[in-house]
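Please walk me through this structure in the viewer, one selection at a time. I would like to know what to pick next and what is there.

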Amino acid sequence: MSSRYNLGPTRARKFATRVLPLIALAIALVLIPALGPSRSMYSLMNLVGINIVFALSYNMLLGQTGQLSFGHAVYFGLGGYGAIHAMNWIETAAIDGGFWAAYPVFGVPVIGFAIGVLAGGVIGWPSCRRAGIPFAMISLGVAELIASAGFILVSIFGGEEGVSGDRMNGFPLFGLNLGAISQVYWFIAFWTFVGVAAMFAFTRTPLGRMAQAVRDNAGRVQFVGYDPQHIRYLVFILSGGFAGMAGGMSAVNFEIFTPDSLSLVPSGLVLLMAYIGGARYFAGPILGAALLTYAQSNLSDFAEAWLLYLGLLFITVVLFAPGGLAGIILSVFNGLTRPGARARLVQWAGQLVAGLLAMVGGVIIIEVAVRITKGYGEVYAPFGVAFGPDSALTWICAGAMLCLGLSGLRWFALRGEAQ
Amino acid sequence: MSQSVLKLTDVRKNFGPANIIQGVNLDIVEGERHAVIGPNGAGKSTLFNLISGLLRPSSGEITLRGKTISGLKPFHINRMGLSRSFQVSNIFENMSVRENVRCGLLWSMGDRYSFWRNIGQMKEAQRKTAQILEQFGLLDRADEIASALPYADQRALEIAMTVAGGADVILLDEPTAGMSNTETTRAIAQIRAVSEGKTLMIVEHDMGVVFDLSDRISVLVYGEIIATGTPEEIRSDPKVREAYLGEEADFLELTA
């Protein structure tokens, strides 16, 4: 075979782009506990791990197959409920014996995966007959249906207070009894790595590639011998499986599952994670899950309007950076390595300053407005600078910053187009 | 006469009151290069859409090697060995040229919906992809994103994807549309090479290409085939001359 026929990336490049990132992830996961994280840091990281797997599973549909789903939490929730019931069976079996006596709690994400696959297989059968907008509508309907069933079928979903379990039961795999949060970390780290590696490997299989072909041009796929509907269905099942696996991780982490976990709220949040992170890139949802989980657990403490900020961020990404965070990082990297980097850098620095100015102005207006509506006369005073709600200076300053920032962005955008 | 491969029997297609195809009978035989010509709006593309399964005939029957294919889904027909290209380039735009061709031949490699095999390790698929790319002069552009290709190369890729799966009945819908003379010559040479030993059905506007390439020609006018025959027979057919007024009739005149 001639060397001309050796298509595709070189061995070294394959290693650098496919194997190295996974090794880096594994090393990072192993080294994190050595930094001595606090308890709250551990619980944040555990949540990030769960959301990474969940967001990646969602992106198998959105980013890789071009299927917009509004009900992905259904598979997360059903997988999680399966896992929490399994944990309770393990607890019972510790006394009564039987199959579950030999099943470690460490392995319940496998149960979550199986339930997710089952749910995806059943629900996907009718809903994958349609693509695009009808599919999105069906997913919304199914989500509503399952979420309301969650409150009605008490013996399965536990009603409003949900079903709780105890992770410290059964046979401790790898010597982990999963009591302390630092032990749960290892459990989460293990399954996060398995999830990331498996879903990345999936993109490199015939089905994974054809899923991307369906996303690009489903009409043509049927003329190369593939049934696009069948491809969508298979990906849907697998995506449900990984969502269920994330649910299983969550069941062990929180030791409780409530019907809220099946609702439209987490379904919407996972969409935001995948999209803000960058649905076009494999790593996008990982970034989105990390950012949004961090923001949700920290920002929500000191900014009551954090959902408003989240909405604004989402709209900004949709309008101006459809590649999401991953797209921004990639274009900055490409922009710096290609010739003409200096001019580009000046442009970006200008846009960054203008954007920050607009953001600061906007934040001041929103925060002052939130305090006015609360009516306690509280004054917004970040870094000791007071912005009195009655002072004209507050509104003039904030308004000026917002206007200046927005005009700056507009000016730089026009300048960029002219170049 | 050789064996019939593709047979259309009284195929009709109407969209509401508009009768686009009005009773087409056609017999494509093994190994021939068969051109379908006709004025704009005669229904040539509709005919291809009916054969390839994109549209379902209102009545009539289409058979491929004796098996009925009218009413089957496009992917079923493709798996039975009939592959088509499109008049407007219809490629996977965000994928590389190499991946586009690989998508075209993946089904024939037998791994189908596999989600447990590493596609990079499928050496036979790699080798075949490279071979097809070389035949179409796309090897040097293998890693470029398909949407970034120049127009003529996108057309070549379109045909490369069509033949990649090894189908032995190939339908090409205006493969040289919008190409320059040099590009057309190159494209026809490629088509000639890849259709060797296969059955080719082609819709084409360039009469030079049609009369040079085809073994037989069918003339479609207002959804009806008014004549089928060798290039000589078509050239001297009075009905064809009547249908082709103006430029193309002059061409028939000149090449007679």
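**Stop 1: the sheet of chain B**

Select β1(B) together with strand β4 of chain B, residues 59-64: the two pair in the antiparallel sense over five bridges. The model on screen is a predicted one.

Strand β1 of chain B covers residues 4-15, and its pairing with β2(B) is antiparallel, with nine bridges. Two opposite pairs can be picked out here: B:Lys13 faces B:Ile21 in β2(B), and B:Phe15 faces B:Ala18 in β2(B). What do β1(B) and β2(B) form? They form a hairpin, with two residues between the strands. In that turn, B:Gly16 has a positive phi of about 60 degrees.

**Stop 2: B:Asp10**

Go back to strand β1 of chain B and select B:Asp10, which lies in it. This residue is not a glycine, yet its phi is positive, near 45 degrees. Is B:Asp10 buried or exposed? B:Asp10 counts as exposed, because it has 12 C-beta neighbours inside 10 Å, and a residue with 12 or fewer falls in that class.

**Stop 3: B:Ser214**

Next, select B:Ser214, in the loop between α7 (207-213) and β9 (216-221) of chain B. B:Ser214 has 22 other C-beta atoms within 10 Å and is therefore buried; the cut-off for that is 20 or more. Which residues is B:Ser214 in contact with, leaving aside its neighbours within four places in sequence? They are B:Arg33, B:His34, B:Ala35 and B:Pro231.

**Stop 4: chain B as a whole**

Along its principal axes, the C-alpha trace of chain B spans about 60 × 40 × 40 Å. The radius of gyration of chain B is 19 Å, which agrees with the value near 18 Å that a compact globule of 256 residues would have. Buried residues make up 45% of the 256 residues in chain B. Among the contacts in chain B with a separation of 6 or more, 65% are between residues 24 or more positions apart.

**Stop 5: where chain B touches chain A**

Bring chain A into view and select the contact. It takes 38 residues from chain B and 28 residues from chain A. On the side of chain B that touches chain A, the elements giving two or more residues are α2 (74-79), β6 (82-84), α3 (97-106) and α4 (123-135) of chain B. Which element gives the largest share of that side? That is α3(B), with five residues. Coloured by type, the residues on this side of chain B divide into 16 nonpolar, twelve polar and ten charged.

**Stop 6: chain A and its helix α10**

Turn to chain A, which is divided into domain 1 (17-295) and domain 2 (339-418). The centres of these two domains of chain A, taken over C-alpha atoms, are 38 Å apart.

Select residues 264-277 of chain A, which are helix α10. The helix has 14 residues and reaches 20 Å from its first C-alpha to its last, close to the 20 Å expected. Ten of the 14 residues of α10(A) are buried, so this helix is largely enclosed by the rest of the structure. Among the buried residues are A:Leu269, A:Met273 and A:Tyr275. The buried residues of α10(A) pack against several helices of chain A, including α2 (39-65), α5 (132-152) and α11 (284-302). After α10(A) comes A:Gly278, with a positive phi near 120 degrees.

**Stop 7: A:Glu255**

Finish at A:Glu255, in the loop between α9 (228-254) and β2 (256-257) of chain A. A:Glu255 has a positive phi of about 60 degrees, although it is not a glycine. It counts as partly exposed, with 17 C-beta neighbours inside 10 Å.

Methods: Residues numbered from 1 in each chain as written. Chains lettered and ligands numbered in written order. Predicted model: local features only at pLDDT ≥ 70, side-chain atom pairs only at ≥ 80, totals over all residues. Contact = placed C-beta atoms within 7 Å. Helix = DSSP H or I, 4+ residues; strand = E, 2+ residues; numbered from the N terminus. Nonpolar A, V, L, I, M, F, W, Y, C, P; charged D, E, K, R; others polar. Rg over C-alpha atoms; globule rule 2.2 N^0.38 Å. Expected span 1.5 Å × (residues − 1). Domains from an automatic or database assignment. Pairing = 2+ DSSP bridges.
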